[in-house]
Amino acid sequence: MEVIFLGTGTSQGIPIIGSTHPVCLSDDSRDKRLRVSVLVSWDDYQYVVDCGPDFRQQMLSNQISRIDGVVFTHEHADHTMGLDDIRPFFFRQGDIPIYAHKRVLQALRTRFEYIFSSENKYPGAPSVIENELTNQPFQLGNLDVIPINTFHNRLQVFGFRFRDFAYLTDVKTVEEEERLKLKGVKILVVNALRIEPHHSHFNLEEALEFIKEIQPEKAYLTHISHMLGFHAEVEKLLPKNVYLAYDNLKITI
Ligand SMILES: [Zn+2]
């Protein structure tokens, strides 16, 4: 299995438009962060988790010419606003499967009414095949994927376990029985927004505590704000098996 971090930034990305914060002005390419997303590939399958406003750029940078579907964690704009840009995949492949909680599908139908409408469809608008996720394992290609139910303040968000790899973002709380689903995972990705606490995201301390409890072989932090600090400096402070993810990082599991 291979994972590409397509984006590792928080909702505004880094740099933030107009910001003069030192991290936003950094020359280190690892301090440039598009909105969060990963591409997960195994055998002949590849799926994107989330489809934010940088989706087009992420597909181009990584030369992705085919996707088997898009899996959504939740409906916030930084995770969904690139859906229109599935068009090149739709033109080549036909209707693109999407996977999301019922509430998220409803939000997508409202925001992208022209994609979901079946009457008088604008020629050139993409079409999707809707797959509603509940908190039960579901099939992607030849793999059973396990959803992990988490909370982003009070909003339900799905994390996903693909065999020994788990991807959680926009998490603030995870109930005990959901944590059990992560037992034995080799690579864990989890969000760490910044140093200061936040109402709907793990800060660095909470992310590290969570990783310590789950005990993966390696963990990567994502959904990073400029307020976490410079990539090179923050990484020095992390435990041995914990890394900051950065855009276009590829890992093999
Ligand atoms: Zn987000």
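**View 1. The sheet with strand order 6-5-4-3-2-1-14.** In this predicted model, an open sheet of 7 strands has the order 6-5-4-3-2-1-14, with mixed pairing. Strands are DSSP runs (E, at least two residues) and helices likewise (H or I, at least four), numbered from the N terminus. Two strands count as paired if DSSP finds at least two bridges between them. Strand 6 and strand 14 (250-252) are the edges; each has a single partner strand, so one side of each lacks a neighbour in the sheet. From one strand to the next, the twist averages 20°. Axes are lines fitted to C-alpha atoms, for helices over the stretch in contact; angles are taken between N-to-C directions and run from 0 to 180 degrees. Residues are numbered from 1 along each chain as its sequence is written. Local features need pLDDT of at least 70, side-chain atom pairs count only at pLDDT 80 or more, and totals for chains, interfaces and linings use all residues.

**View 2. Glycine 69 and the pairing of strand 4.** Strand 4 (residues 69-71) contains glycine 69. Strand 4 pairs with strand 5 in the parallel sense, over 2 bridges. Valine 70 stands opposite isoleucine 98 of strand 5. Glycine 69 is partly exposed, with 19 other C-beta atoms within 10 Å. The classes are: buried, 20 or more other C-beta atoms within 10 Å of the residue's own; exposed, 12 or fewer; partly exposed, in between; C-beta atoms are placed from the backbone. Contacts of glycine 69, leaving out residues up to four places away in sequence, are Tyr47, Ile96, Pro97, Ile98, Tyr99 and Leu140. A contact means C-beta atoms, placed from the backbone, within 7 Å. Glutamine 46 is 23 residues from glycine 69 in sequence, yet their C-alpha atoms are 7.5 Å apart.

**View 3. Helix 4 on its sheet.** Helix 4 lies across strand 5 and strand 6, at about 125° to strand 5. Val104, Leu105 and Leu108 are the buried residues of helix 4 (residues 102-111). They span an arc of only 100° around the axis, which puts them on the same side of helix 4. The arc is that of the directions from the helix axis to the C-beta atoms. Their cover includes helix 2 (77-80), strand 5 (96-101) and strand 6 (128-133). Lys102 and Thr110 are exposed on the face turned away from the buried side.

**View 4. The sheet with strand order 7-8-9-10-11-12-13.** This open sheet of 7 strands also has mixed pairing. Strand 7 (138-140) and strand 13 (242-244) stand at the edges with a single partner strand each, so one side of each has no neighbour in the sheet. The twist averages 30° from one strand to the next. Strand 11 (residues 187-191) and strand 12 (residues 218-222) run parallel, joined by 5 bridges. Lysine 218 in strand 12 is the bridge partner of isoleucine 187.

**View 5. Helix 7 against strands 11, 12 and 13.** Helix 7 (residues 204-214) packs on the sheet and touches strand 11, strand 12 and strand 13. Its direction makes about 155° with that of strand 11. Leu204, Ala207, Phe210 and Ile211 are the buried residues of helix 7. Seen down the axis, they fall within an arc of 130°, so they line one face of helix 7. An α-helix has 3.6 residues a turn, so residues three or four places apart point the same way. The other side of helix 7 carries the exposed residues Glu205, Glu209, Lys212 and Glu213. Just after helix 7, glutamine 215 takes a positive phi of about 55°.

Conventions:
Contact = placed C-beta atoms within 7 Å.
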